[in-house]
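Hi there,

Here is the structure I promised to send over. Have a look at it first, and my notes follow below.

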Amino acid sequence: MSVQTWTYILVGITFALYIGIAIWSRASSTKDFYVAGGHVSPWANGMATAADWMSAASFISMAGIIAFAGYDGSVYLMGWTGGYVLLALLLAPYLRKFGKFTVPDFIGERYYSDKARIVAVVCALLVSFTYVAGQMRGVGVVFSRFLEVDINTGVIIGMVIVLFYAVLGGMKGITYTQVAQYCVLIFAFMVPAIFISIQMTGNPIPQLGMGSTIHDSSGTFLIDKLNGLSTELGFTEYTSGTKSTLDIFAITLALMVGTAGLPHVIVRFFTVEKVKDARKSAGIALFLIAILYTTAPAVAVFAKTNLLNTVSNQPYLEMPPWFKNWEDTGLLVHNDKNKDGIIQYVADVDQNELTVDRDIMVLANPEIANLPAWVIALVAAGGLAAALSTAAGLLLVISSSISHDLIKSVINPKISEKGELRAARISATVAVIIAGYFGINPPGFVAAVVALAFGLAAASFFPAIVLGIFYKKMNKEGAIAGMVVGISLMVFYILKFKFGVFDGGTSAISRLNKDWWFGISPEGFGAVAMAVNFVVALVVNRFTPPPSEEIQELVERIRLPNNAGEAGGH
Amino acid sequence: MNTKKENAAAYWKENIKYVLILLSIWFLVSYGAGIMFKEFLDQFQIGGFKLGFWFAQQGAIYVFVVLIFVYIYLMNRLDKKYGYDHDSKNNTL
């Protein structure tokens with residue numbers, strides 16, 4: 001059977017599964033819709049969190065980014081996993097104890113202010129929309145390459161599927177489809193990785209294969225071989241970086257703190273029954289995420305070595321069929337500058353003849369390694385699972401921000417349960433349509449902006465939530481000032497250095513790099529903006545009245561895992 | 001009421017101690033071994049990995065997972081010690 005037939009079969013089966021789950025888990029109350037009734041088991045929540053978290057970027061792009069960045073790619077590996085330690089130790093148990101539906105709920109009540117709540121809603125929408133557009137685009141790319149439908153048709157099919165289970169099932173539908181999507185995506189990621197690891201090193205465990213010797217008589221370590229190949233062609237050694245230590249530090253910190261501040265991840269911890277379960281599901285989630293995150297750097301090494309071996313200094317006419325397939329998509333471009341019919345892939349821009357889009361490393365990897373058709377098809381189904389699960393989680397945050405945090409809490413507190421549920425469904429629908437629009441007409445900067453969503457989350461939510469739990473005298477003036485200054489500074493830095501808005505447009509960006517504050521890139525600036533948020537919040541707090549006794553008592557109750565011994569319920 | 005408050009305060013203090021210790025390890029394996037001391041550690045080799053590079057792309061992640069499970073274990077023990085481990089229907093505020 002051809003790759004395409006296999007892809008139709010596998011994608012068809014997984015989609016049917018998601019729809020089946022959606023019908024089975026319809027939401028009948030707002031509690032179902034926002035937090036899946038609050039009865040999700042730690043394992044189910046751990047799997048759902050892992051799928052929620054691992055997006056098209058983790059599945060499709062990350063290994064490719066690492067393959068081309070080498071050591072510098074470590075920022076994503078550590079940044080996108082280390083955040084879970086912060087989440088588990090500093091946020092998840094307490095937010096679960098607080099026990100409401102959304103992040104703005106917490107900010108609004110802890111800081112006894114609708115103004116704080118609205119600032120939080122704006123931050124949540126800003127973070128989630130930048131992130132979701134990238135997911136819809138990912139859906140489109142997978143469809144266009146593997147099913148040979150037009151990218152726009154792909155986005156629309158994706159929209160319909162997400163619409164179906166997110167609108168019908170809310171958090172309940174999303175949770176159980178995410179459990180299924182985790183299984184699909186991890187299987188789809190691991191199978192080719194294991195195959196290739198055996199092929200190249202004889203070791204079936206990719207994490208170990210990465211550090212093993214090559215499966216031939218030479219006895220050379222794979223990584224040494226890759227380092228050698230890279231320097232031969234004029235690239236930096238794979239295991240060394242080109243970024244400054246300070247920038248690596250800042251980017252890792254921004255990604256970690258941003259992870260812990262992402263509303264669609266935080267809300268997952270509202271869905272379990274007990275504080276104990278919140279801790280446990282954070283551990284399970286990171287364990288499940290780590291399976292993919294420790295495999296990705298291995299895939300990166302395998303894929304990069306394979307690519308260099310296959311294309312470098314080889315005649316163009318002898319390239320395998322996958323080369324042509326990816327050339328058709330425009331993600332792989334060969335320009336025979338010196339007309340010798342041989343592919344020169346080198347660091348020197350003037351002599352280099354091959355441009356490789358980083359995204360194809362995972363998608364093309366099974367083809368490059370000559371794996372069977374069903375494995376290639378599996379990767380397509382996995383990429384879709386990763387993109388759809390994250391998109392659904394984000395859409396839920398967007399819809400609950402509007403129906404719960406704006407309509408129910410601020411605009412019309414008297415709205416009925418039924419009315420609120422309807423509002424939630426309508427806002428989910430509108431959000432899907434807007435996300436789809438951005439998927440079809442991507443503002444050229446989607447990829448850049450997704451990474452920056454972390455900076456925005458780091459600069460806004462993380463300090464406000466941590467201070468809200470660990471410093472009971474923290475007041476609303478401080479928290480609001482911190483969030484507003486933090487996120488504004490971050491937005492300013494992005495506009496200035498990522499879009500060149502103040503210096504004559506995008507053409508100015510590369511010229512501005514030397515002006516980075518402290519030499520920190522926009523990707524890492526979230527760490528600085530977060531620190532500024534903390535400082536501003538604490539300084540303003542010094543000069544404004546402390547919160548009331550009731551709020552301070554609320555904080556004390558949040559810190560305890562249950563209400564044992566307390567007289568009367570709250 | 002007072003003993004209840006003291007109990008809660010003592011629980012919180014121990015919790016903070018655990019969090020600080022675990023976060024120090026979190027910092028050391030990632031920002032320490034994986035970033036600041038990477039060059040130094042790269043002189044050592046385990047299998048095909050240079051040690052600093054291994055921490056940055058593998059080791060730190062394994063330690064993160066272990067840290068959360070250690071935290072879960074410590075907190076469950078702490079909950080029991082201070083009597084916060086009873087399941088009650090009334091778990092929200």
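Helix α4 (residues 56–69) of chain A packs against helix α15 (residues 360–368) of chain A at an angle of about 90°, and their axes are 6 Å apart. Axes here are lines fitted to C-alpha atoms, for helices over the stretch in contact, with angles running from 0 to 180 degrees between N-to-C directions. α4(A) and α15(A) are therefore roughly perpendicular to each other (65 to 115 degrees counts as roughly perpendicular, under 35 as roughly parallel, over 145 as roughly antiparallel, and the rest as oblique). On the α4(A) side, F59(A), I60(A), A63(A), G64(A) and A67(A) meet I360(A), M361(A), V362(A) and L363(A) of α15(A); two residues are in contact if their C-beta atoms, placed from the backbone, lie within 7 Å. By class, this contact of α4(A) with α15(A) has eight nonpolar residues, one polar and no charged. Nonpolar means Ala, Val, Leu, Ile, Met, Phe, Trp, Tyr, Cys and Pro, charged means Asp, Glu, Lys and Arg, and the others, Gly among them, are polar.

Before going on: this is a predicted model, in which local features need pLDDT of at least 70 and side-chain atom pairs count only at pLDDT 80 or more, while totals for chains, interfaces and linings use all residues. Residues are numbered from 1 along each chain as its sequence is written, and chains are lettered from A and ligands numbered from 1 in the order in which they are written.

A second pair in chain A is helix α11 (residues 245–261) with helix α21 (residues 525–542), packed at about 65° with axes 6 Å apart. A250(A), L253(A), A254(A), V257(A) and G258(A) come from α11(A), and F525(A), G526(A), A527(A), V528(A) and M530(A) from α21(A). That contact divides into eight nonpolar, two polar and no charged residues.

As for chain A as a whole, there are 22 helices and two strands (DSSP runs numbered from the N terminus: H or I of at least four residues for helices, E of at least two for strands). Of its 570 residues, 58% are buried, that is, with 20 or more other C-beta atoms within 10 Å of their own C-beta, placed from the backbone. Among contacts in chain A between residues at least 6 apart in sequence, 80% join residues at least 24 apart.

Finally, the two chains meet through 50 residues of chain A and 42 residues of chain B. On the chain B side, α3(B) gives the most, with 16 residues.

Best wishes

Technical notes. Buried ≥ 20, exposed ≤ 12 C-beta atoms within 10 Å, placed from the backbone.
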